[in-house]
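Please look through the model shown below before reading the notes on it.

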Amino acid sequence: MKICCIGAGYVGGPTMAMIAKKCHDIDVAVVDLNEARIAAWNSDCLPIYEPGLQEIVEDRRGKNLTFSTEVKSHIKLADIIFISVGTPTKNYGIGAGQAPELGYIEGCARMIAEACDGPKIVIEKSTVPVRTAELVKSVFEGYEKGHLFEILSNPEFLAEGTAITDLENPDRVLIGGDSTESGKKAVQTVVDVYNRWVPREKIVTTNVWSSELSKLVANAFLAQRVSSINAISAVCEASGADVEEVANAIGMDSRIGPKFLKSSVGFGGSCFQKDILNLVYLSGHFGLPEVAEYWNQVITMNEYQRKRFSRKVIHSLFNTLQGKRIAVLGFAFKKDTNDTRESAAIYICRDLLEEGADIVVYDPQVPAAEIKQLTNESVKIASSAEEAAKDAHAVLVLTEWDEFKDLDYSAIYQSMVKPAHIFDGRNILDLPKLESIGFNASGVGKP
Ligand code: NAD
Ligand code: UGA
């Protein structure tokens, strides 16, 4: 069997590496038009940082895992084609700022139709609006090749930073397909691939529309939990309650559960906001404005949380940041990834720059050039947390990298301008200990 995945990104790369690891008899080709990205996948310096990924790629590359820019020839050879290209929020025309850009999906459908003359299973791995399979099908029909392709939906639920463990041991694998005989046969083929390592009871099969929609709904529910606990963090700060104690108390209710209740500077990442906007747009499109408004509030609350954090910093530093050095620790949208897409750090840095702050950023994985580009070249980059904090008025922890927990905060305090402030936007630090060193220390939702 041959599998080809179009799109060598955060999803295509790791998911195909896992299939190659678990199925040595399947040839897996990951193809992309981006030559630099493919060259990086073929080098010692992979284009994405993900714990455990490098080992798998090094083990399978050149055996049953290939990275290539020869898109059409690999598509033509494959039995199963995954489409794993980006579906970012559209920034022009109808639906600008809400609807997803489906141009890359359409482009893939056209390439597949042009390259193939035999039967294929085509799988939507990208996150797409419900009924996108219809679009793909009508492209195939336009080439009079509709009969060749069985279109399935198999959305991906991995989270960055834990992609390899999520792929190795997923909560579930979701496969949506048609209830026709050929649809069922295609679903079974893909079930058999995952079933090499995922127990059958964790492989859920549905119709295509349920599968497409479930992906958007899963992300909307997860983001909603973060916005809910962040809303409560504001109530905690106003009332003297502690958001971690509240999260613990409610999370022990088995109906609520303990996960995804960590208050923060706001969620980031390429997908939560994009996928909720997608759901908001779809709801509007289906004539359900109340539903659209309901989900839009999750984003409004996230924007509020970021602004609230910026305002707290500005207010604590006597409402003026002119010429003051501010150390920002962490720029990735979460720990264990080099991904900065929609990271709260971008927005908070922009707020503080507007106030005239002199920002110095340290992140263990994000390239300096990327941080500079995202802040219009207005920040400096440090090569350690200590270097960033030296002569600073405040330290801001914006990503929960483990190394920030164990820094020598006494030495950092000594090197800073007094009064020295520390704002823990991830609640990973021991605030009473920092206070005892001399810091003005504050967290999110903490008394
Ligand atoms: P990405 O931007 O990292 O990668 C997409 C790749 O597709 C790019 O390298 C681009 O060059 C390539 N591409 C676009 N059009 C192409 C074409 N016609 N031919 C060949 N290559 C083409 O995106 P990603 O983060 O991997 O996300 C992909 C999809 O998966 C999105 O729909 C996203 O919502 C979804 N998703 C992402 C995550 C995540 O953690 N990032 C998790 C689950 C689902
Ligand atoms: C998320 C989902 O968890 C994945 O299931 C999904 O596949 C993926 O989106 C996607 O579709 O792209 P990801 O964005 O990689 O994964 O990371 P998460 O762990 O979900 O974190 C998202 C953001 O929420 C991060 O900024 C994180 O710091 C924040 N967060 C998360 C909190 O602030 N508090 C929490 O309790 C959890």
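## Basis

This is a predicted model, in which local features need pLDDT of at least 70, side-chain atom pairs count only at pLDDT 80 or more, and totals for chains, interfaces and linings use all residues. Residues are numbered from 1 along each chain as its sequence is written, chains are lettered from A and ligands numbered from 1 in the order in which they are written, and side-chain values use heavy atoms, with hydrogens and water left out.

## Aromatic rings

There are 11 aromatic pairs in the structure. Rings of Phe, Tyr and Trp (its six-membered ring) pair if their centres lie within 6.5 Å; planes under 30 degrees apart are stacked, over 60 edge-to-face and the rest tilted. Trp 41 and Phe 67 are stacked, because their ring centres are 4.9 Å apart and their planes are at 5 degrees. Trp 41 belongs to helix H2 (residues 35-41) and Phe 67 to strand E3 (residues 65-68), so the pair ties together parts 26 residues apart in sequence. Helices (H or I, at least four residues) and strands (E, at least two) are DSSP runs, numbered from the N terminus. Both Trp 41 and Phe 67 are buried; buried means under 20% relative accessible area, exposed over 50%, and partly exposed in between (1.4 Å probe, protein chains only).

Tyr 294 and Trp 295 have ring centres 5.1 Å apart and planes at 85 degrees, so this pair is edge-to-face. Together with Phe 221, Tyr 294 and Trp 295 form one aromatic cluster. Trp 295 has a relative accessible area of 9% and is therefore buried.

## Helix H13

Helix H13 (residues 344-354) has buried residues including Ala 344, Ile 348 and Leu 352. The buried residues of H13 pack against H12, strand E9 (325-329), strand E10 (358-362), helix H14 (368-374) and strand E12 (394-397). Just after H13, Gly 356 has a positive phi of about 90 degrees.

## Thr 127

Thr 127 is located in the loop between strand E5 (120-124) and helix H6 (132-142). Its relative accessibility is 10%, so Thr 127 counts as buried. Leaving out residues up to four places away in sequence, Thr 127 touches Thr 87, Lys 215, Leu 216, Lys 274 and Asp 275; contact means heavy atoms within 4.5 Å.

## Surface patch

Leu 288 lies in the loop between helix H11 (272-285) and helix H12 (289-316). Leu 288 counts as partly exposed because its relative accessibility is 38%.
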